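Reader: Could you take me through the helix packing in this model, with a close look at which residues make the contacts? I would like one connected account.

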Amino acid sequence: MGLKGFVEGGIASIVAGCSTHPLDLIKVRMQLQGESAAAAVPQPAALRPALAFHAGGHTVALPHHHDFPAPPRKPGPLAVGAQILRSEGAAGLFSGVSATMLRQTLYSTTRMGLYDILKTKWTQENGGVLPLHRKIVAGLIAGGIGAAVGNPADVAMVRMQADGRLPLAERRNYRSVGDAIGRMARDEGVRSLWRGSSLTVNRAMIVTASQLATYDQAKEAILARRGPGADGLATHVAASFTAGIVAAAASNPVDVVKTRMMNMKVAPGAPPPYAGAVDCALKTVRSEGPMALYKGFIPTVMRQGPFTVVLFVTLEQVRKVFKGVEF
């Protein structure tokens with residue numbers, strides 16, 4: 001207990017975040033597909049009949065028949081990645097990587113360290129065994145606090161990742177994460193740095209609880225079946241990939257709404273495109289259907305899987321390096 005868990009978790013998180021950044025960028029671009037239509041969707045209104053006539057003393061109304069065009073086919077993750085390479089070059093896949101590093105330093109270091117402290121403390125109090133529900137509670141607490149700390153970097157990361165999809169005249173062109181945070185605070189107020197923070201906290205609680213608790217539970221189950229000698233790379237990969245799938249499925253709807261809330265542009269004197277998280281979710285579903293909340297799910301899995309594998313495999317190796325070292 002102490003700083004050790006924070007240092008180990010921070011190192012592993014930064015390595016995992018930077019190595020999977022292009023996958024996260026593709027996920028964000030896919031989650032923003034169709035956003036303009038969603039933001040502009042009006043509240044549902046009653047349709048007036050196109051024609052009314054009298055028949056036998058009764059008024060008969062014939063409704064409008066609307067021919068709605070089929071929505072355009074959305075490009076998949078490979079097509080989005082290729083589009084980024086064509087329009088922005090290889091460097092475009094690492095847009096916002098400085099914000100990712102800051103986010104992992106603030107958010108993930110905090111959540112990993114707090115989870116380690118809570119898990120160690122509660123395990124000792126519970127006779128050396130920590131049940132799944134206590135792991136989930138530890139993850140919820142650690143994730144919520146970590147997200148509150150790292151929200152400014154999260155907003156900056158989303159904006160820097162999304163900038164390349166905008167027309168040249170509308171791009172923000174942040175030079176770095178420091179420039180992004182400084183300009184947001186100056187132009188939009190300090191409160192803008194915590195835009196979408198409720199969603200960030202909710203998502204982080206879900207991700208941390210599902211990711212860390214699932215990893216620990218899966219690893220314990222494998223070792224209980226195969227013995228302590230199986231505590232190696234294969235076990236770490238299997239447990240971490242399982243954790244990544246569970247975290248992706250649990251968090252994707254919140255992640256879509258969070259991404260859109262953070263990326264929205266608010267013109268001076270104009271109402272924001274979304275009044276809040278619920279309004280954003282409702283407009284998205286009305287405009288694009290319920291499955292829009294799972295936009296980017298494949299790249300989310302493609303990112304969460306490798307991210308979680310790199311995170312925990314690196315964490316296990318860092319723990320070996322720091323074994324016996326107290327700080």
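Author: A residue counts as buried when its relative accessible area is under 20%, as exposed when that area is over 50%, and as partly exposed in between. Because threonine 110 has a relative accessibility of 17%, it belongs to the buried class. This is a predicted model, and threonine 110 lies in helix H5, which spans residues 97-125. Once its neighbours within four places in sequence are set aside, threonine 110 has contacts with Phe6, Ile145, Gly146 and Val149.

As for the setting of that residue, the protein contains 11 helices and two strands, and along the sequence these elements follow the pattern α-α-α-β-β-α-α-α-α-α-α-α-α. Of the 327 residues in the protein, 46% are buried. The accessible surface of the protein amounts to about 16,100 Å², and carbon and sulfur atoms account for 66% of it.

Turning to the packing itself, two packed helices are described by the angle between their axes and by the distance between the axes. Helix H2, residues 21-31, packs with helix H4, residues 77-88, at an angle of about 100°, and their axes are 10 Å apart. Angles of 65 to 115 degrees count as roughly perpendicular, and H2 and H4 are therefore roughly perpendicular to each other. On the H2 side the contact is made by Leu25, Ile26, Arg29 and Met30, which meet Pro77, Val80, Gly81, Ile84 and Glu88 in H4. Sorted by class, this contact of H2 with H4 comprises six nonpolar residues, one polar residue and two charged residues.

The second pair is formed by helix H8, residues 197-226, and helix H11, residues 297-321, whose axes come within 12 Å and cross at roughly 60°. H8 and H11 are therefore oblique to each other, and H8 passes H11 in a right-handed crossing. From H8, the residues Arg203, Val207, Gln211, Leu212, Tyr215 and Lys219 meet Gln304, Phe307, Thr308, Leu311, Phe312 and Glu316 in H11. By class, the contact of H8 with H11 has six nonpolar, three polar and three charged residues.

How values were computed. Residues are numbered from 1 along each chain as its sequence is written. This is a predicted model: local features need pLDDT of at least 70, side-chain atom pairs count only at pLDDT 80 or more; totals for chains, interfaces and linings use all residues. Side-chain values use heavy atoms; hydrogens and water are left out. Axes are lines fitted to C-alpha atoms, for helices over the stretch in contact, and angles run from 0 to 180 degrees between N-to-C directions. Helices (H or I, at least four residues) and strands (E, at least two) are DSSP runs, numbered from the N terminus. Angles under 35 degrees count as roughly parallel, over 145 as roughly antiparallel, 65 to 115 as roughly perpendicular and the rest as oblique. Contact means heavy atoms within 4.5 Å. Ala, Val, Leu, Ile, Met, Phe, Trp, Tyr, Cys and Pro count as nonpolar, Asp, Glu, Lys and Arg as charged, and the others, Gly among them, as polar. A crossing is left-handed if the near helix is turned anticlockwise from the far one by less than a right angle, and right-handed if clockwise. Buried means under 20% relative accessible area, exposed over 50%, partly exposed in between (1.4 Å probe, protein chains only). Accessible areas come from the Shrake-Rupley method with a 1.4 Å probe; for residues, only the protein chains shown count as cover.
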